[in-house]
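Here are my notes for you, written as numbered points. Keep the viewer open while you read, and click on each residue as it comes up.

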Protein chains: 2
Amino acid sequence: MRAEARPRDRAATRRRLLDAARALFAEHGYERVTVRMIASAADANVALVGRYFGSKAGLFGEVLRGEPTLQVILEGDREGLPRRLAEFAALRMHADPKSRILRALAHSADDPEIKELVRERLRTAFIAPLAEFLGDDPDAMAKARAAAALLTGISNVRRALGPEPPTPGDVDRLTAMFTVCLDISGQGP
Amino acid sequence: MRAEARPRDRAATRRRLLDAARALFAEHGYERVTVRMIASAADANVALVGRYFGSKAGLFGEVLRGEPTLQVILEGDREGLPRRLAEFAALRMHADPKSRILRALAHSADDPEIKELVRERLRTAFIAPLAEFLGDDPDAMAKARAAAALLTGISNVRRALGPEPPTPGDVDRLTAMFTVCLDISGQGP
DNA sequence: TCGGGAAGTATACGCTCGTTTACTAGCCGT
DNA sequence: ACGGCTAGTAAACGAGCGTATACTTCCCGA
């Protein structure tokens, strides 16, 4: 199949590889994805991964760098934050392809280079913004860490046990957990 | 070195392999551990893994089967459970070699056979006992799942960001999170 | 004592991985 | 129109993986 050839376009091919890598890394994590899988999904040649991104790790790094942060969830009132986090964790994190990168964070390699990329990403995209949102609370970092633990843990369990759709009760429970985690007293409806 | 030979003892060798596998799987997860690493750590020959356990997956399954459940933590009063869980998550889970297997659960393969082993283990060793402890609450399963999510997530974050020793405040925060998660009203000192 | 079975060993097989190299083919300015 | 930069390709490399096989070494009971 694929009878007709594609025009030769470095930028477009690079983007196709990046998109394919983003989807696959989010779905399976770093180690379970091969450069051949990425190239195949992008309908490109394997060698181009090396050519355009240096290496598989370089490509992974660029994927991480391009992923959105938690900024969207943080925009809004303080009282509603726990529920926004809970809804993100229960509903959006797995459905929205732009948010699934957190799954990859949860089960990636202990290859030092990759580990450093993941660490940096988890800090700058999640914990640091959340801590900043919490203000000058001296425990802000610890609270953000605990929230990150809950968020990634939800991803783990859903992955291991099956992605059954969460009930409203589940979202309420997660909301309560985020509330006490972040020490936010106000409670939504 | 190792100048003198060991007596030939099938049972002992098997046990050494099992112990080495348990430690390594707990430390690195299923995929990052090779049968050669296990054999080397056990000071045994690679082929014996296949001989005694059938395959790497078979060995992994036997490791999981031999791991203790949460039973020890569940023994005790209902009000103290959240704190026992929090202390386990913050302190014992990473220090006690007998408990570290939960780390492996968090970042293991999506090879179907391994995935099923992990799923089964997570259910029978953690979620099911915890749900049973909670009584005939119709939400018991959902609560246990959320608790499992928090527990494995803590492992993730500690692994990714570094295992800095948790502060008493961290344990208090986790206690509060487990409390609202399991909907246990009583609060310890 | 000595032969057979079992414990343990060395090694090779087939495969997949990330990466690299040598090559082909298309476009564009002159 | 054509030569040269460049996107894209095919294939191979070396390493590491799980596994299987043929072999050696040891012990113990007849």
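The points below go from the protein chains to the DNA strand.

1. Before anything else, keep in mind that this is a predicted model.

2. Let's start with where the two protein chains touch. On the chain B side, 37 residues are in contact with chain A, and chain A answers with 37 residues. Together the two chains bury about 3300 Å², with carbon and sulfur atoms making up 56% of that. Which residues of chain B lose the most area to chain A? They are B:Arg145, B:Leu161 and B:Arg173, and together they account for 21% of what the chain B side buries.

3. Now for the charged and polar links. There are 4 salt bridges between chain B and chain A. You can look at one between the side chains of A:Glu31 and B:Arg32, at 2.8 Å from N to O. Counting polar contacts, 8 residue pairs link chain B and chain A, with both residues at pLDDT 80 or more.

4. H9(B) gives the most, with 16 residues. Sorted by class, that side of chain B has 17 nonpolar, 6 polar and 14 charged residues.

5. A quick stop at A:Pro168, which sits in helix H10 of chain A (residues 168–182). Is A:Pro168 buried or exposed? A:Pro168 counts as exposed, because its relative accessibility is 64% and the cut-off for exposed is over 50%. Also try A:Glu87: it is 81 residues away from A:Pro168 along the chain, yet their C-alpha atoms are separated by 9.5 Å.

6. On to DNA strand C, which has 19 residues around it; A:Thr34, A:Arg36, A:Lys56, B:Thr13 and B:Tyr52 come nearest.

7. A backbone N or O atom of A:Val33 lies 3.5 Å from a phosphate oxygen. An N or O atom in the side chain of A:Arg36 is 2.7 Å from a base nitrogen, and a polar side-chain atom of B:Arg51 is 2.9 Å from a base nitrogen.

8. H3(B) gives the most, with 4 residues. By class, this surface has 7 nonpolar, 4 polar and 8 charged residues.

Notes: Residues numbered from 1 in each chain as written. Chains lettered and ligands numbered in written order. Predicted model: local features only at pLDDT ≥ 70, side-chain atom pairs only at ≥ 80, totals over all residues. Heavy atoms only, no water. Contact = heavy atoms within 4.5 Å. Buried area = accessible area lost by both parts, 1.4 Å probe. Polar contact = N/O pair within 3.5 Å; in protein donor to acceptor, adjacent residues only side chain to side chain. Helix = DSSP H or I, 4+ residues; strand = E, 2+ residues; numbered from the N terminus. Nonpolar A, V, L, I, M, F, W, Y, C, P; charged D, E, K, R; others polar. Buried < 20%, exposed > 50% of the residue type's maximum accessible area, 1.4 Å probe, protein only. Near = heavy atom within 4 Å.
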